[in-house]
Amino acid sequence: NDNLQVNKTGHLTIGGVDTVELAEEFGTPLYVMDESKIRQVCQMYKRSIDKCYGGNGLPLFASKAFCCKEICRIMKEEGMGLDVVSGGELYTAMQAEFPAALIQFHGNNKTQEEISYALTCGVGHFVVDNLTELRLLNQTAGKMQRKANILLRIKPGIDAHTHQFIRTGQIDSKFGFALETGEAMEAVKAAVQAENLLLTGVHCHIGSQIFEVQPFVLAAKVMLGFMRDVKAETGLELQELNLGGGFGIKYVETDQPVPYDQYMEQVSEAVHTCCREYELTPPKIYMEPGRSIVGEAGLTLYKVGAVKTIPDIRTYVSVDGGMTDNPRYILYQSAYEAVVANKVDQPADFEVTIAGRCCESGDLIQEDARIQQCTPGDILAVLSTGAYNYSMASNYNRVPRPAVVFVRDGKARLAVRRETYADLVHNDI
Ligand code: LLP
């Protein structure tokens, strides 16, 4: 990871800032985000989408991966769009003065309140998941005398999460309209009839942390095939296609993400070929990367507490956080790399289980981790925690959520304050 270095004192640095000093200044656990790295990835996506689609495209940051006002401000500055899936994410974006027209509102069960709120905000698109929502949105927009741009979420029937990805007919997913049952075409017809909706295109998302290009290429082909069918059956030529997110990142050495250029080039080639073959005007292309924008830019700092060796079995190194700030190990057995931030220049010859502080045996950050020898008081850094950590944090055991700090050019600034005990009882009556 090129944004991480070791300084003269043997400390880990991120964005030119000493992580041990960050832990002292802001306390632990602490989320640290490298702003330059985030901006670099955004610019890469922007450039690449521009090049591949002749300027007719926009990357949206999937804010579920990491959502706070500061990231919305950065996305606004980088000229990115935003994908939100709840009133809360939308509210955060609005508080950061993010341009509503560049927001697409997702979700498989948007409430009446969320729909009204999003119409009031003037979000650019609703990504409609089902017919219940389609009717509710049409009604609400009518009452509010607005017209809503919509994309329909389609299930392209591609399962990218098997070892060898597969194209199935019916994919068992709660999201979107099925193609093969005719449900998707019915939805198109219903959308065209709906007075207060303007159907601009379709959307798909095939999964997350994907390391192959083929599933994305196939999804694009399936979607364009559907656009051709829509044109043939209704005469309507859809102008927009959102291809979702899902690009894999490097958590550990063995992870081998495909270079983004390869994704972009191969997918755009498929898009162009299909458009020629099907005689379609090339649609505007949206993408929705989340993890790949913030994942590798973040790390979490903890203070080491008790170190407990169970002879012949394992050594537990306990830290002052755990599943409350990173639930990904207990949920998905996710692999992470960790280092002792104040001893990175020493050999990583200590095989340990990194344990959290919650009342739950499964509350681990990592098993079989190889780190530097450590003792209570050392600072442990867990790497690549920028995505789906802060955004999935909880207050289990009434543990306050950590602070979030952004670093850039050797300087750090607080973006989210650490929760206090008072915050924890704030809504208690
Ligand atoms: N668009 C849609 C419609 C999505 O559902 C998602 C992710 C994304 C975009 C962004 O995907 P990404 O580029 O981040 O892979 N909590 C899980 C990940 C859940 C992803 C859900 N949807 C985790 O921690 O791995």
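This is a predicted model: local features need pLDDT of at least 70, side-chain atom pairs count only at pLDDT 80 or more; totals for chains, interfaces and linings use all residues.
Student: Where does the record place a modified residue?

Tutor: An unreviewed UniProt entry carries the annotation "modified residue: N6-(pyridoxal phosphate)lysine", and that annotation covers Lys-64. In the chain, Lys-64 lies in the loop between strand E5 (57–62) and helix H3 (69–77).

Student: Is Lys-64 buried or exposed?

Tutor: The general idea is to count neighbours: a residue is buried if 20 or more other C-beta atoms lie within 10 Å of its own. Lys-64 has 20 other C-beta atoms within 10 Å, so Lys-64 is buried.

Student: Which residues does Lys-64 touch, leaving out those up to four places away in sequence?

Tutor: Lys-64 touches Val-85, Glu-89, Gly-290 and Ser-391.

Student: How many residues surround the ligand, and which are the closest?

Tutor: The ligand is surrounded by 19 residues, and the closest are Ser-208, Gly-245, Gly-290, Arg-291 and Tyr-388. Gly-290 was also named among the contacts of Lys-64.

Student: What kinds of residue make up the shell around the ligand?

Tutor: The shell holds 5 nonpolar, 9 polar and 5 charged residues.

Student: Which residue does UniProt list for "active site"?

Tutor: The unreviewed entry lists Cys-359. Cys-359 sits in the loop between strand E19 (350–355) and strand E20 (364–371).

Student: How should I read the two faces of a strand?

Tutor: In a regular strand, side chains alternate between the two faces of the sheet. Take strand E6 (residues 81–84): Gly-81 and Asp-83 are on one side, Leu-82 and Val-84 are on the other, and all are buried. Both faces of E6 are therefore covered.

Student: Which strands pair with E6, and in which sense?

Tutor: E5 and E6 pair in the parallel sense over 3 bridges. Within that pairing, Ala-62 has Asp-83 of E6 as its bridge partner. From E5 the chain crosses through H3 to E6, and this β-α-β crossover is right-handed. E6 also pairs with strand E7 (residues 103–105) in the parallel sense, over 3 bridges. There, the bridge partner of Leu-82 is Ile-103 in E7.

Student: What does the chain make from E6, helix H4 (residues 87–95) and E7?

Tutor: These three elements make a right-handed β-α-β unit.

Student: Where can I see antiparallel pairing?

Tutor: Look at the open sheet of 3 strands with the order E1-E2-E3, where the pairing is antiparallel. Its edge strands are strand E1 (4–6) and strand E3 (17–18), each of which pairs on one side only. E1 and strand E2 (residues 12–14) run antiparallel and are joined by 3 bridges. In this pairing Val-6 has Leu-12 of E2 as its bridge partner.

Student: Where is Ser-292, and is Ser-292 buried or exposed?

Tutor: Ser-292 is in helix H10 (residues 291–294). Ser-292 has 24 other C-beta atoms within 10 Å and is buried. Not counting residues up to four places away in sequence, Ser-292 touches Val-41, Phe-247 and Ile-249.

Terms used. Residues are numbered from 1 along each chain as its sequence is written. UniProt positions are given in the numbering used here, feature names are shortened, and annotations may be inferred rather than shown by experiment. Helices (H or I, at least four residues) and strands (E, at least two) are DSSP runs, numbered from the N terminus. A residue is buried if 20 or more other C-beta atoms lie within 10 Å of its own, exposed if 12 or fewer, and partly exposed in between; C-beta atoms are placed from the backbone. Two residues are in contact if their C-beta atoms, placed from the backbone, lie within 7 Å. A residue is near a molecule or strand if its C-beta atom, placed from the backbone, lies within 6 Å of it. Ala, Val, Leu, Ile, Met, Phe, Trp, Tyr, Cys and Pro count as nonpolar, Asp, Glu, Lys and Arg as charged, and the others, Gly among them, as polar. Two strands pair if DSSP finds at least two bridges between them. A crossover is right-handed if, with the strands pointing away from the viewer, the path from the first strand over the helix to the second runs clockwise.
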